[in-house]
Amino acid sequence: MDLSRSVRAIADAADASDGAIDWDAVAEAAKGGCEPGDLRIEPAERAAFADDVRAARDGLREASGVDFDLPGSIEVQHRHHWIDANVDTFRRVLRPLEDTATGGGVVPGVARSLNTGTMAVTVAFLARNVLGQYDPLLLAEAEPEDHGLYFVRPNIQQAAIDLNVGYPRFRRWIAFHEVAHAAEFAAAPWLPGYLEARLEDGIASVTDESSLLELARPGRDGTGPMDSFAELNTAMTAVEGYAELLMDRAFDDEYDDLRAKLDARRQGGDPITNLFKRLLGFGMKRRQYERGAAFFAAVADRRDLRTASLVWERPENLPTDAELDDPDAWVQRIA
């Protein structure tokens, strides 16, 4: 790491012309906070990555019955590449909050540096932990073929070592997981717009002081703009759970040990890492995996995978929060 690089970038953010966050400084400081990792790939390994992705596409097509194409951009990255690919996404998502920021009162430069430093630490932490990513480019004007599929090779290698599993098999497992997300979004062309709307509404409600006061009011009836976040969480639980089911049904090797070790990895970590996981919602993500996977496994076991796939026909087919814990109610309503 080059912490002096991070310190300089955050300090210089105070002199930025405008904005609550200096996003160029976020990228620079985040890169100083984590090593890029090794990306010297031999031709045989590059070919293996391509084979993993093709095998995942073919297996998931057969298992899901969805004839989908792979994203237009498939990249094997190191951590700094991942930072560059995602800083613009953070910028787009947080723009409404920035637009309503006060600038920090009498010391806007100091506030900007603090905001920039906070985001840089967050991005650097994610860059050290993300294994792969399907990016549907939410909040961006993009065609489906512009969606991206990223593999952060140094993190996949390190995770394989930490979990004591073979790197080729673990790499293939990650490919199946990320391509499963590509299959979901191909099966549900309406999904990006649905998620975008709830994300934008939720962020807009956070910027509205009256909504925050309403959220805290005792006896609140559970309706209003802040509930866009609840709908977003329910939808993402379905997204993560279906991907778990689909990859389990499609993966062309043994995976029970991988599943157990990954579950342990999601729960483990040193105290500082666990604090960041809680702050960044990693615990919620793990619950999404578990709750969503249990829902879809129950539907597939009671009926079949094609019935479970009905969830992507239209937004109304998404399970409600209550139905996630009562799969029979969803089957009765939809199937």
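In this predicted model, strands β2 and β3 run antiparallel and are joined by four bridges. Within this pairing, Y134 stands opposite L149 in β3. The residues of β2 point to two sides: G132 and Y134 are directed one way, Q133 and D135 the other way, and all are buried.

The other pairing of β3 (residues 148-152) is with β1, in the parallel sense, and extends over five bridges. Here S73 is the residue opposite G148 in β3. Helix α6 (residues 153-163) packs on the sheet, where it touches β1 and β3. The direction of α6 makes about 50° with that of β3.

Taken as a whole, the sheet is open and consists of three strands in the order β1-β3-β2, with mixed pairing. Strands β1 (73-77) and β2 (132-135) stand at the edges; each has a single partner strand, so one side of each is left without a neighbour in the sheet. From one strand to the next the twist averages 10°.

Among the helices, α7 and α10 (residues 227-250) were examined as a pair. Two packed helices are described by the angle between their axes and the distance between the axes. The axes of α7 and α10 come within 9 Å and cross at roughly 125°. The crossing in which α7 passes α10 is right-handed. On the α7 side, the residues that meet α10 are W173, F176, H177, A180, H181, A183 and E184. Their counterparts in α10 are A238, V239, E240, Y242, A243, E244, L246, M247, D248 and A250.

The largest nonpolar core has 79 residues. Helix α7 (residues 167-187) gives the most to this core, contributing 11 residues. The residues with the most contacts inside the core are I83, F170 and W312. For W312, with neighbours within four places in sequence left aside, the contacts are E184, A187, A188, W190, L191, A238, V239, Y242 and L318. Several of these residues also take part in the packing of the two helices: E184 in α7 and A238, V239 and Y242 in α10 belong to the sets that meet between α7 and α10, and each is in contact with W312.

Note on methods: Residues are numbered from 1 along each chain as its sequence is written. This is a predicted model: local features need pLDDT of at least 70, side-chain atom pairs count only at pLDDT 80 or more; totals for chains, interfaces and linings use all residues. Side-chain values use heavy atoms; hydrogens and water are left out. A nonpolar core is a set of buried Ala, Val, Leu, Ile, Met, Phe, Trp, Tyr and Cys residues joined through side-chain atoms within 4.5 Å. Buried means under 20% relative accessible area, exposed over 50%, partly exposed in between (1.4 Å probe, protein chains only). Contact means heavy atoms within 4.5 Å. Two strands pair if DSSP finds at least two bridges between them. Axes are lines fitted to C-alpha atoms, for helices over the stretch in contact, and angles run from 0 to 180 degrees between N-to-C directions. A crossing is left-handed if the near helix is turned anticlockwise from the far one by less than a right angle, and right-handed if clockwise.
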